[in-house]
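Thanks for coming. Please have a look at the model first.

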Amino acid sequence: MISILDAARDPKLFQPWFKRHASWDNWLVFLAALFALPLTPQQLAVYQQCTGRELPPATAVNEVWLCIGRRGGKSFILALIAVWLACFHEYRQYLAPGERGTIAIIAADRKQARTIFRYIRGLLTGVPMLKRMIDRQTADTFDLSNRVSIEIHVASFRSSRGYTIIAALCDEIAYWRSDESANPDKEILAALRPAMATIPNAMLLCASSPYARRGEMWNAYRKCFGKDRPVLVWKAATRVMNPSVPQRIIDAAYEDDAASANAEYGAEFRTDIETFISREVVDAAVILGRYELPRIEGVGYVAFVDPSGGSSDSMTLSIAHIEGERAILDLARERKPPFSPESVVKEFADAIKSYGIASVRGDRYGGMWPRERFAVHGVDYQVASQAKSDIYLALLPILNSGRAELLDHPRLTAQLCSLERRTARGGKDSVDHAPGAHDDVVNAAAGAIVAATQRKAQDVPLVAPIILSQNVPPEPGMRTVVNVPNDNSKPPAQPTGAPNSTQLFYEWSGDFGPPGGYTRRERF
């Protein structure tokens, strides 16, 4: 059997795709290392630079991680390997009657996976001898005559179950996101490995431009780069693997955002992005088996909504209250698109009023639209005074100190664990969801918890005795409420009087203090 390098040089096979041979030189070194082919001294130097190792593998590698800058050529090389394995290797002796071996192309979504799939189509249909092997072709599948199928899969731990995997091509794995899991890459790889167990020399090929210092790509780099282990990590900047990319494009990217360009083109893991909160902290706050709490009479609740127009993002609602020093999340509801915004507003307004709440907070989405629609249903929509990032930053100490109880809501947990803290050039931190991820559920939940906590903190109890009458004691249970205008100063001075008559205290009349002024309450 000819080698993959021989096939790349053969005019009847893949040589037409390598016409600009010099721009592919370092990729040919990678292929030689992957399949344990001999290296020249010059190629060995490239191998050492990109792997941090001294000696190349003695046998073909079964698991490889490509940390390559954007436009480096990794998608085409994955396609070439897939076609080489599918057409030039024999797997039928490992397959049961009726069973097919599968080469799975896995990406964040089907649209992204089509990049590799198109390269595969070009290689299969562009070589006459390989084209004759195609039994059936669909928009996302090639069935070959040797009982091998090449298929597009989405990044889900469910998609690989039931398959016999010959090779898995995991594209842009550092950017896989899921609302169902805080660690989708880990769970998907855990599902893939058993599916590869019955195929000797099955290959796991993971490729991506690096992102944050977390996830399975970071773990592989940290554990295996520069170390003599079965897992091969190949890390190289864009122009190392594809010198045809103009330097001016890369220079412009560095000038615009050096931290981003250093990851995108320099293949360095970002140091300005970190996981916002650990999974352990979130798990400690979740009350297992608690999905929603009913209203308790006499308890003050706070509602927060993340509105949506109903076409792309979810619309979410959360309600919370304070119990002692702990913030309790009572309700977390999500309506996924598509939906009728008017019907969801009515549903959420009914839920808000069922907890005895007359107002709800939310962001500035949609201008006057959420205010007008909630007002129709008897709920006052108030624009939150804090930006989303500030709400998340305020949530962190509440969770870290164990002062919050969260509902058993998998999407809330996944979104919370996926939040990222970014440090800008000026040193200011901001928190948001990762690229391609969502934070609709956690935005509403964080808003409700933080609002409830802040309202509790801004209650200002001042207790002092006063005399309602020197001769006639007040009636038991008598209560007087007087609004004291706010002049942006301290609360009014405490009145003095005889002891054991009434108590007087002041609290904010608005949920967040000024501008509502103080409420004076007199009671026994």
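Arg-333 counts as partly exposed because its relative accessibility is 24%; the term covers values between buried, under 20% relative accessible area, and exposed, over 50% (1.4 Å probe, protein chains only). This is a predicted model, in which local features need pLDDT of at least 70 and side-chain atom pairs count only at pLDDT 80 or more, while totals for chains, interfaces and linings use all residues. Residues are numbered from 1 along each chain as its sequence is written, and side-chain values use heavy atoms, leaving out hydrogens and water.

Arg-333 meets Glu-292 in a salt bridge (2.9 Å, N to O), a term for a side-chain nitrogen of Lys or Arg within 4 Å of a carboxyl oxygen of Asp or Glu. Arg-333 is in strand β12 and Glu-292 in the loop between α12 and β10, so the pair ties together parts 41 residues apart in sequence. Helices (H or I, at least four residues) and strands (E, at least two) are DSSP runs, numbered from the N terminus.

How many salt bridges does the structure hold? There are 21. In another one, Glu-264 pairs with Arg-70 (3.8 Å, N to O). Glu-264 belongs to helix α11 and Arg-70 to the loop between β1 and α4, so this pair ties together parts 194 residues apart in sequence. Glu-264 counts as buried, at 19% relative accessibility, and Arg-70 as partly exposed, at 42%.

Now the helix. Which residues of α8 are buried? They are Glu-216, Met-217, Trp-218, Ala-220 and Cys-224. After α8 comes Gly-226, with a positive phi near 75°.
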